[in-house]
Amino acid sequence: MGFVIMRVHPEFASMGVSKTLEVNKDSFHTSTEKPMYRLGFGQSPFPVPEPMLEAYREAMTQTEYLPVQGYLPLREAIADHYSKRDGREVSADCVIVGPGSKELLFLLQFVAHETNVYQVGPAWVSYRAHGRLLGRPIETLATRYEDDWMLTDDTIAPLGEDPSESKVLIVNSPNNPTGKAYSGEWMEWLAGYLRNHQVTAVADEIYEHLQFRGEFHSLAKFYPEGTVISSGISKSCGAGGWRMGYMVFPPELRGVCQAMANVASETYSSAPSPVQHASVVLFRQPERFGNYWRRCRSVLRAMSEAVVKKLREKGVDCVMPDGSWYIMPRFESKRTELAKQGIHTSDDLAKYMREEWGIWTIAGTSFSSEELVVRVCLVDFDGKRAIENIPEEYNEAWFREYGGNLGRLLLGGTQVPLKM
Ligand code: PLP
């Protein structure tokens, strides 16, 4: 009998690796004479804060499986923290901890039944990929650059078209890829709309602590009965590789949490034990992290303001971000110039920037955007040195000394035609 090679579903064989992870891998395997600027992958440039490291060292010997829904003292700490933060009663039964929020976001779509999922575009790559994996494409409510990438009465309208439909809207603030964070007023407007149209919201708050002004507005405050919070330690504690994310549900949606735990019990069993033990400190003693977050925010704000200012000087549009390390420059004003060089789409543009200028970004198409935009991650510098050397005022000398590759790009000295 001949050897039969295992067949793979063509959809999964051909879909490729997530664009963000692929860019990261490729940027480290490409050798070139030219300088390289790794602005494609959204990994935190900052170190894990000391209280977290301390707690992790102590927890390293924790080897047992934990309850599928998460370590109870951690879930209680999360529940207490969010009860205080949002002024709504959260119970530990309504919290699930998983190996990264990406997995939980996938499980949420997985357990959804006869439900349409919507995202606000431009949107993080994986929401759409999850729908695709499940064979249930999600819908994008496309926002406009002119509206600061925020939903408006007309761009939100498709959500309200069919009142009989069960629907979920994923909203991410501060936003990957635009860096935009929504105001309290805007959240209130959105909450009113979602309540009127009976839409369940998933508020992806993974960049909460990186909002530059340190004032964060959660949709859960305005729409407590219908909002699921999704977050984790990957961005706020520079610990993407530790894999800890969580979701917080209102009592009305406890069944969704339970269904996700049922599936988790047959797939990953539990999130890693040491990181769950270590994370308790984050929710029990958040004041120990305040200084770290203030420093990270200060550096990210200085970086984004400097880069956006340069881009605007060069005639490239860019919304000023309010948080995170992302910006999304738009090259519509350069369309004619770029077309002469054969650049017509955001994929052409990202390829050109990579090949000609050594700048790694991700094309707008990966973020469900049709515009001539790319996502830029302002992370190519040594975050530890930067936060240990916060200046009174950011100036050229600081960018030269602590800005790493990003600082060099900012100060010029490359062959980039739109020299930043
Ligand atoms: N949500 C957004 C908007 C993200 O940018 C990311 C990671 O890049 C995640 C969720 C997932 O993070 P993790 O799975 O590390 O918790």
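This report describes the ligand site, the cavities and some backbone features of a predicted model.

## Ground rules

Local features need pLDDT of at least 70, side-chain atom pairs count only at pLDDT 80 or more, and totals for chains, interfaces and linings use all residues. Residues are numbered from 1 along each chain as its sequence is written, and side-chain values use heavy atoms, with hydrogens and water left out.

## Around the ligand

The ligand is surrounded by 13 residues. A residue counts as near when one of its heavy atoms lies within 4 Å of the molecule. The closest are S101, N176, D204, Y207 and S234. By class, this shell holds 4 nonpolar, 5 polar and 4 charged residues. Here Ala, Val, Leu, Ile, Met, Phe, Trp, Tyr, Cys and Pro count as nonpolar, Asp, Glu, Lys and Arg as charged, and the others, Gly among them, as polar.

For S234, a polar side-chain atom lies 2.6 Å from a ligand oxygen. For S101, an N or O atom of the side chain is 2.8 Å from an oxygen of the ligand. R243 also places a polar side-chain atom 2.8 Å from a ligand oxygen. On its own, the ligand has 400 Å² of accessible area, and the protein covers 92% of that. Such areas come from the Shrake-Rupley method with a 1.4 Å probe.

## The largest pocket

The ligand takes up the space of the largest pocket. A molecule sits in a pocket if more than half of its atoms lie within 2 Å of the grid points. On a 1 Å grid over the protein atoms alone, a pocket is an open set of points with protein on both sides within 12 Å along at least five of seven lines; a cavity is a set where a 1.4 Å probe fits but cannot get out; lining residues have an atom within 4 Å of a point.

The volume of this pocket is about 500 Å³, counted as the space filled by probe spheres set on the points, which are joined across faces, edges and corners. Its lining has 29 residues, and G42, W124, S234, K235 and R243 are the closest to the centre. Two or more lining residues come from each of α2 (19–29), α5 (101–111) and α6 (125–133). Helices (H or I, at least four residues) and strands (E, at least two) are DSSP runs, numbered from the N terminus. The lining splits into 10 nonpolar, 14 polar and 5 charged residues.

The whole structure has 7 cavities of 30 Å³ or more. At least two lining residues each come from α4 (72–86), β7 (227–232) and α11 (273–284). The classes here are 6 nonpolar, 5 polar and 1 charged.

## Backbone exceptions

Most residues other than glycine have a negative phi, and most peptide bonds are trans. Which bond is cis, with omega near 0 degrees? The bond from G121 to P122 is. P122 sits in the loop between β3 (115–121) and α6. N176 and P177 are also joined by a cis bond, with omega about 25 degrees. P177 belongs to the loop between β5 (166–172) and α8 (184–196).

E114 has a positive phi, near 45 degrees, and is not a glycine. E114 lies in the loop between α5 and β3.

Conventions
Polar contact = N/O pair within 3.5 Å; in protein donor to acceptor, adjacent residues only side chain to side chain.
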